[in-house]
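Subject: Structure handover

Hello,

Here is the structure I promised you. Please open it and keep it beside this email as you read.

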Amino acid sequence: MNRREAIQWLGAGLGALASRGLLAAPLPKGAIVRTILEDVSPDRLTGTTLFHEHLSMSRTDGKPIFYDDIGLMVDEVRACATDGVSCIVDAGVAGLGRKIEALRTIAQRSGMLIVAGGGLHSKTDFPQDVFRKTADEVADDFVALAKAERWGVIGEMGTGTDLPMDPEERKGFEAAAKAHLRTGLAIITHVSDGCAQCALDQVDVLEAGGVDLRRVVIGHLNEIPDELTAKSIAIAKRGANLGFDHSARPGDPRIDEYVRTILAVLEAGYEDRIFLSSDFASSKYLRKNGGPGIDMTVTTFVPHLRKAGVNDAVLHRILAENPRRLLAFVPKAA
Ligand SMILES: [Zn+2]
């Protein structure tokens, strides 16, 4: 059996496990996906969900940015639908200049299911009052904002490269854990500069906060500079999901390494933990500018996986079923 056959065989085997309910538990009764416009049945997420992108941001100096052109963003989001994308998660937070109103307009005009995140991205862009608050008070803010802004996920929750974790950022993660327990919303994270130990610290803090790690995606793993496969599998072993959300940037010299890592994670039996996205945030990737589009994960990276032998059934589980399971939750009164 060659490598390609092995992966296909593996995919079929896992599929059989899944169909017997041994791999992925069915979604809980009453589970919904909270989009920016309405709560929808998870069944609406039939195609690819891009779990970590940025559809709205503004510059701190107030200067114009391509995101200000809502018509442009609507066109670019619509183009993703023709590639089979049915849902896009905006991992933006207020500190990154994300505008909830812009997301709403893009969703209305494009017809795309858009899920808004929220939280604290980096100490350098925390609102000042966060520093005076306790974790419980920050959690109260998260719960209130999640309601007011219709968050469908918490994050991207970020940390810098301090080891141990910076105390203010730790407070943010503790607050995210508390807000997760109160709302049922999943958590997606931002790991800085490929700091694998920082990723494990995030896992530790969330686990200590009582979070079911199957409801967490640890993000930006592609940036881990060495032993990407081993370090990714170490995170999977802890129970968390793996966010390969920088997989598809054109010209990235490490694309083959990302493919090998995905194959190794599949071989290790963690098919249900793989999450792909591209963390779109630059105008050079727009179709209008000759780029691969917001959904470059689909247009650029997926062909590499196909070529390496990953079959359609496995791709569907990675691109559609894993993020749908993450986003589906039973709302709580909070
Ligand atoms: Zn990030």
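Below are my notes on the metal site and the cysteines.

First, a caution: this is a predicted model.

**The zinc site**

Start with the zinc ion. Its donors are Glu-156 (OE), His-190 (ND1) and His-220 (NE2), at 1.9 to 2.1 Å. Along the chain, they follow the spacing E-x33-H-x29-H. Glu-156 sits in strand E6 (residues 154-159), and His-190 sits in strand E7 (residues 187-191). These two residues are 34 residues apart, so the pair links distant parts of the chain. Both Glu-156 and His-190 are buried.

**The disulfide**

How many disulfides does the model have? The count is one disulfide. Cys-195 and Cys-198 form it, with their sulfur atoms 2.0 Å apart. That falls within the 2.5 Å cut-off for a disulfide. Look along the S-S bond next. The torsion there, between Cys-195 and Cys-198, is about 75°, so the disulfide is right-handed. Both Cys-195 and Cys-198 are buried.

Now find Cys-80. This residue is in no disulfide. Its nearest cysteine sulfur belongs to Cys-87, 11 Å away. Is Cys-80 buried or exposed? Cys-80 is buried, with a relative accessible area of 0%.

Cys-87 is also in no disulfide. For Cys-87, the nearest cysteine sulfur is that of Cys-80, 11 Å away. Cys-87 is buried too, and its relative accessible area is 0%.

Best wishes

Terms used:
Residues are numbered from 1 along each chain as its sequence is written. This is a predicted model: local features need pLDDT of at least 70, side-chain atom pairs count only at pLDDT 80 or more; totals for chains, interfaces and linings use all residues. Side-chain values use heavy atoms; hydrogens and water are left out. Donors are N, O and S atoms within 2.8 Å of the metal (3.2 Å for Na, K and Ca); water is not among the atoms, so sites may look incomplete. Helices (H or I, at least four residues) and strands (E, at least two) are DSSP runs, numbered from the N terminus. Buried means under 20% relative accessible area, exposed over 50%, partly exposed in between (1.4 Å probe, protein chains only).
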